[in-house]
There are 2 protein chains.
Amino acid sequence: MKQKLIFSNEVGKMLDKQLEAIIFDRLFILVDENTASYALPLLIDSSKYVSNAKVLTIKPDDANKNLDTLELIWQQLSDNNATRSSIIINLGGGMVSDIGGFAASTYMRGMRFINIPTTLLAAVDASVGGKTGINFNGYKNQIGVINEAESSIISSVFFKTLPKQELFSGYAEMIKHGLLDGLESTNQVLSFRIAEPDFDISAILSLTKHSISVKQRFVEADINEAGIRKALNLGHTAGHAIESLMQKRNTPLPHGYAVAHGLVIALVLSHLQLQLPSDILYRLANYVYEMYGTIDISCDDYPALISAMQHDKKNFGNDTINFTLLKEIGKVQINSSVTAENIGIALDIYRDLMHIA
Amino acid sequence: MKQKLIFSNEVGKMLDKQLEAIIFDRLFILVDENTASYALPLLIDSSKYVSNAKVLTIKPDDANKNLDTLELIWQQLSDNNATRSSIIINLGGGMVSDIGGFAASTYMRGMRFINIPTTLLAAVDASVGGKTGINFNGYKNQIGVINEAESSIISSVFFKTLPKQELFSGYAEMIKHGLLDGLESTNQVLSFRIAEPDFDISAILSLTKHSISVKQRFVEADINEAGIRKALNLGHTAGHAIESLMQKRNTPLPHGYAVAHGLVIALVLSHLQLQLPSDILYRLANYVYEMYGTIDISCDDYPALISAMQHDKKNFGNDTINFTLLKEIGKVQINSSVTAENIGIALDIYRDLMHIA
């Protein structure tokens, strides 16, 4: 991997150090209307380069991760004489790094970019793997390329101002990485309480660093997503199904919350099919119950959930459903075949664990 | 390089052989309104796969190599349920392979594509190097990526119906490759007369094959265009200047014709500065004079030509102008610094050689 990952809460200083080591002509910084007001001023104060950069501002949120916004970025790069030797800094959540990374990867057949994630989810999920792109024709990330940033500067300085829900969303991915890594990581993750009023930004940065190293290990082992990288799908097959169900009910659940519940279901299945010890299952279920709360699922929802899992892109056209499961904490089993019947049993157990009547 | 290059005039058969060796779900074929009528029927007759492929038709010409056409291709891929496991065949000139290759490289973060060039220029120039893209904001190829086709099937079966001008345009690149390769190649290229009424399509295919191998050698040695790949710029600095001049006069000259004249100027400079023997210069000048004709350039045009050369992107901001020149046939000297004065002298000699009053 060519991308440098830098972990530091001295973001401006680290950015300047990166830029000093690179030969470039013009500097651009891409922000959305939110990061323009809460993150950019902090960076301008602490980086001598950023104060001279051309600021490109886009509308926030996934709904604007589209072709119109992309065209606007290309247009502004072109009108401001960006060249293949220019640099663009993406300051924001995954939406900003996805679209900014794609714009950079395609402008003059590729200029370099630096990501500075401002959300926990972007730090832990979007900063590794090189996925860039936009939504198109009603599909998420339909258009894009795989191309890594020159470097990503990961900090937790922007997290203090994040809404609690945003922090929890990112943290679900960190729980997943803990489970994939091993018992020690899992213990660490499940003993940390993010979004307590005085949570420690140094502690979260150190947890984030370790979490990203887990993702990186799986991505590097399988850059084209042909095999073991599917480990990172843990919790997502059931999670996506829950997400769709709640969407249809018009009570949408943030992605990370759905993943947290999906992880519990994946561990129930792992216990049923692969004899994963039950103690970790209980501990995870308790943690998710306490932090993410419960959701209203009854037996009547099972057919819709199972159908959604079957239509998950990884399972299209199969009778049984492929899950990523765990034999033990830290021992992953991809492509575990699960019948609809076993999913029904697992959902019963999941409801018990989550105190759902 | 991952790309397979297949040279054969049995295009349909070779395409089927390629497709048989690949696992894919849906097959698309991109054509423009011209290749839809003169090339597609030939392919449908000779390939069992193509008759079942979904045909995507776009408007022809460089003017349509734009974001609107790209969006249309993405839209049709999406509406027809293309996946990352689908294949798109680009059947056409460089415009079709540039935009089709870019659409494929970005659809779902990359699907595979096969190029079947239908023009000599596309065969000899666009089929190697992986450049894809669209024009944007008034600039050529402003947006794109470097990504090679799965394979390119190079044939000369479509050349018989090409306009003479189109053949000559492609052939200028072949002359360039001959000069870069060595004396034997140069002799071969300068003894062949393309676009004579009964030119031999097998002979041109064999010449094309050798010509592409020369380009491939330079591209492979320098995939990021940092050094020796600039060899391929031979004739283009002066060529682009002539092209702009004729454009401004409203008597546009096809790109390949401008390159042919640019090659003569580059060889004059090579003789002046690097003692390139004069016999090859005379032979090239005679060939270009006979095949490409003459153009009306006077001393009054020198300032405009020199200024255009200075603004060529490879020379921006310099007092002297960097040319790719030849020490001998087959011995290239990139970054040869030339003064405006020497360009004036070279243009005088060029005009004499081309019998320009």
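Predicted model: local features only at pLDDT ≥ 70, side-chain atom pairs only at ≥ 80, totals over all residues.
A negative surface patch is made up of four residues, namely Asp68(A) and Glu71(A) together with Asp68(B) and Glu71(B). Two helices contribute to this negative patch with at least two residues each, helix 4 (67-79) of chain A and helix 4 (67-79) of chain B. Asp68(B), which belongs to helix 4 of chain B, has a relative accessibility of 59% and is classed as exposed, because the limit for that class is over 50%.

Salt bridges were counted over all chains, and the count comes to 26. One of them links the side chains of Lys59(A) and Glu33(A), with an N to O distance of 4.0 Å. Lys59(A) is located in the loop between strand 3 (54-58) and helix 4 of chain A, whereas Glu33(A) is part of helix 2 (residues 33-38) of chain A, so the pair ties together parts that are 26 residues apart in sequence. Glu33(A) itself counts as partly exposed, at 42% relative accessibility.

In chain B, a salt bridge is formed between Lys13(B) and Glu10(B), whose closest N and O atoms are 3.7 Å apart, and Glu10(B) is partly exposed at 44% relative accessibility. A salt bridge also joins the side chains of Arg26(B) and Asp25(B), at 3.5 Å from N to O. Both partners are partly exposed, Arg26(B) with a relative accessible area of 35% and Asp25(B) with a relative accessibility of 36%. In chain A, salt bridges with shared partners connect Asp62(A), Lys65(A), Asp98(A) and Lys140(A) into one network.

The surroundings of two further residues were also examined. Lys65(B) is placed in the loop between strand 3 (54-58) and helix 4 of chain B, and its relative accessible area of 4% means that Lys65(B) is buried, because this class covers values under 20%. When neighbours within four places in sequence are set aside, Lys65(B) is in contact with Met95(B), Asp98(B), Ile99(B), Gly133(B), Ile134(B), Asn135(B) and Asn141(B). The C-alpha atoms of Lys65(B) and Gly93(B) are separated by 12 Å, and these two residues are 28 residues apart along the chain.

Ser46(A) lies in helix 3 (residues 40-46) of chain A and is partly exposed, with 36% relative accessibility. Apart from residues up to four places away in sequence, Ser46(A) touches Gly12(A), Lys13(A) and Asp16(A). From C-alpha to C-alpha, Ser46(A) and Gln3(A) are 23 Å apart in space, while in sequence they are 43 residues apart.

Definitions and conventions
Residues numbered from 1 in each chain as written. Chains lettered and ligands numbered in written order. Heavy atoms only, no water. Patch = residues over 30% accessible without salt bridge, like charges linked within 9 Å, V, L, I, M, F, W, Y side chains within 5 Å. Areas by Shrake-Rupley, 256 points an atom, 1.4 Å probe, with all protein chains shown as cover. Lys, Arg positive; Asp, Glu negative; His and termini not counted. Charge placed at Lys NZ, Arg CZ, Asp CG, Glu CD. Helix = DSSP H or I, 4+ residues; strand = E, 2+ residues; numbered from the N terminus. Buried < 20%, exposed > 50% of the residue type's maximum accessible area, 1.4 Å probe, protein only. Contact = heavy atoms within 4.5 Å.
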